[in-house]
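Work through these exercises with the structure in view. Try each task before you read its solution.

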Amino acid sequence: MKKNYSKNISLRCVTCGSDSDFESNDDKTYIVCKKCNREYLGGYSELVELNEGLINDEVMKTKKELAQDMQKEITERLKNAFKGNKYIHIK
Ligand SMILES: [Zn+2]
(Lines give C-alpha, C1' and ligand atoms only; values in the text may rest on other atoms or scores of the structure.)
Protein backbone atom coordinates (compact mmCIF):
# COMPACT_ATOMS: atom_id res chain seq x y z
CA MET A 1 0.00 0.00 0.00
CA LYS A 2 1.36 3.34 -1.08
CA LYS A 3 -0.62 5.67 1.09
CA ASN A 4 0.88 7.12 4.19
CA TYR A 5 -1.34 6.61 7.20
CA SER A 6 0.75 8.38 9.74
CA LYS A 7 -1.05 11.30 11.30
CA ASN A 8 0.10 14.46 12.82
CA ILE A 9 -2.20 15.09 15.72
CA SER A 10 -1.96 18.53 17.18
CA LEU A 11 -2.72 18.86 20.82
CA ARG A 12 -5.41 21.34 21.68
CA CYS A 13 -6.03 23.53 24.63
CA VAL A 14 -8.95 21.92 26.46
CA THR A 15 -10.26 25.30 27.50
CA CYS A 16 -10.31 27.26 24.24
CA GLY A 17 -9.48 24.61 21.62
CA SER A 18 -6.50 26.48 20.21
CA ASP A 19 -3.60 24.34 19.01
CA SER A 20 -1.09 27.05 18.21
CA ASP A 21 -0.89 29.34 21.20
CA PHE A 22 1.11 27.21 23.60
CA GLU A 23 4.18 28.40 25.34
CA SER A 24 6.26 26.05 27.42
CA ASN A 25 9.41 26.03 29.44
CA ASP A 26 12.49 24.25 28.12
CA ASP A 27 11.72 20.77 29.43
CA LYS A 28 7.96 21.09 28.74
CA THR A 29 7.01 20.50 32.35
CA TYR A 30 4.98 23.68 32.30
CA ILE A 31 2.75 24.80 29.45
CA VAL A 32 0.52 27.80 29.21
CA CYS A 33 -2.00 28.68 26.52
CA LYS A 34 -1.42 32.27 25.56
CA LYS A 35 -4.89 32.62 24.11
CA CYS A 36 -6.91 31.87 27.23
CA ASN A 37 -4.14 31.80 29.85
CA ARG A 38 -4.93 28.25 30.88
CA GLU A 39 -1.97 26.78 32.70
CA TYR A 40 -0.98 23.14 32.47
CA LEU A 41 1.05 22.56 35.57
CA GLY A 42 1.63 18.93 34.58
CA GLY A 43 3.21 20.18 31.37
CA TYR A 44 3.27 18.21 28.16
CA SER A 45 2.14 14.92 29.74
CA GLU A 46 -0.92 16.60 31.25
CA LEU A 47 -1.82 18.06 27.88
CA VAL A 48 -1.47 14.66 26.18
CA GLU A 49 -3.63 13.08 28.87
CA LEU A 50 -6.33 15.70 28.42
CA ASN A 51 -6.18 15.21 24.66
CA GLU A 52 -6.55 11.45 24.88
CA GLY A 53 -10.12 11.50 23.54
CA LEU A 54 -8.99 13.49 20.54
CA ILE A 55 -6.10 11.14 19.89
CA ASN A 56 -8.34 8.07 20.17
CA ASP A 57 -10.79 9.61 17.70
CA GLU A 58 -7.99 10.09 15.22
CA VAL A 59 -6.81 6.51 15.66
CA MET A 60 -10.35 5.21 15.05
CA LYS A 61 -10.68 7.35 11.92
CA THR A 62 -7.39 6.04 10.58
CA LYS A 63 -8.46 2.46 11.21
CA LYS A 64 -11.69 3.01 9.29
CA GLU A 65 -9.86 4.66 6.43
CA LEU A 66 -7.43 1.78 6.26
CA ALA A 67 -10.24 -0.79 6.19
CA GLN A 68 -12.04 1.05 3.38
CA ASP A 69 -8.90 1.34 1.30
CA MET A 70 -8.14 -2.34 1.74
CA GLN A 71 -11.65 -3.24 0.63
CA LYS A 72 -11.19 -1.12 -2.49
CA GLU A 73 -7.87 -2.67 -3.29
CA ILE A 74 -9.18 -6.22 -2.90
CA THR A 75 -12.11 -5.45 -5.21
CA GLU A 76 -9.76 -4.00 -7.81
CA ARG A 77 -7.49 -7.02 -7.60
CA LEU A 78 -10.42 -9.40 -8.04
CA LYS A 79 -11.59 -7.47 -11.08
CA ASN A 80 -8.12 -7.55 -12.57
CA ALA A 81 -7.74 -11.22 -11.80
CA PHE A 82 -10.84 -12.05 -13.80
CA LYS A 83 -10.13 -9.59 -16.57
CA GLY A 84 -9.22 -11.30 -19.78
CA ASN A 85 -10.47 -14.61 -18.54
CA LYS A 86 -12.41 -16.20 -21.35
CA TYR A 87 -14.41 -18.48 -19.14
CA ILE A 88 -15.46 -16.22 -16.33
CA HIS A 89 -17.34 -13.06 -17.14
CA ILE A 90 -18.36 -10.65 -14.50
CA LYS A 91 -21.63 -9.08 -15.48
ZN1 LIG B 1 -6.45 28.01 25.61
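Helices (H or I, at least four residues) and strands (E, at least two) are DSSP runs, numbered from the N terminus. This is a predicted model: local features need pLDDT of at least 70, side-chain atom pairs count only at pLDDT 80 or more, and totals for chains, interfaces and linings use all residues. Residues are numbered from 1 along each chain as its sequence is written.

**Exercise 1. List the elements of the chain in sequence order.**

Solution. Start with the count: there are 2 helices and 3 strands. Now read along the sequence. The pattern is β-β-β-α-α.

**Exercise 2. Work out how the 3 strands are arranged in the sheet.**

Solution. Take the order: the open sheet runs E1-E2-E3, with antiparallel pairing. Strands E1 (22-24) and E3 (39-40) are the edges, each pairing on one side only. Strands count as paired if DSSP finds at least two bridges between them. E1 and E2 (residues 31-33) are joined by 3 bridges. Look across to E2: isoleucine 31 there stands opposite serine 24.

**Exercise 3. Find the residues of the largest nonpolar core.**

Solution. First, the terms. A residue is buried if 20 or more other C-beta atoms lie within 10 Å of its own, exposed if 12 or fewer, and partly exposed in between; C-beta atoms are placed from the backbone. A nonpolar core is a set of buried Ala, Val, Leu, Ile, Met, Phe, Trp, Tyr and Cys residues joined through C-beta atoms within 7 Å. Next, the members: Cys13, Phe22, Ile31, Cys33, Tyr40 and Leu47, 6 residues in all. Then pick out phenylalanine 22. Leaving aside neighbours within four places in sequence, phenylalanine 22 is in contact (C-beta atoms, placed from the backbone, within 7 Å) with Ile31 and Cys33.

**Exercise 4. Describe helix H2: what are its length and its reach?**

Solution. H2 covers residues 52-82, which is 31 residues. From first C-alpha to last, H2 reaches 45 Å, close to the 45 Å expected. That expected span is 1.5 Å times one less than the number of residues. Now check its cover: 0 of the 31 residues in H2 are buried. Just after H2, glycine 84 takes a positive phi of about 80 degrees.

**Exercise 5. Compare the chain with a compact globule of 91 residues.**

Solution. The rule gives near 12 Å, but the chain has 22 Å. Its C-alpha atoms fill a box of roughly 70 × 20 × 20 Å along the principal axes. Buried residues make up 7% of the chain.

Key: Rg over C-alpha atoms; globule rule 2.2 N^0.38 Å. Contact = placed C-beta atoms within 7 Å.
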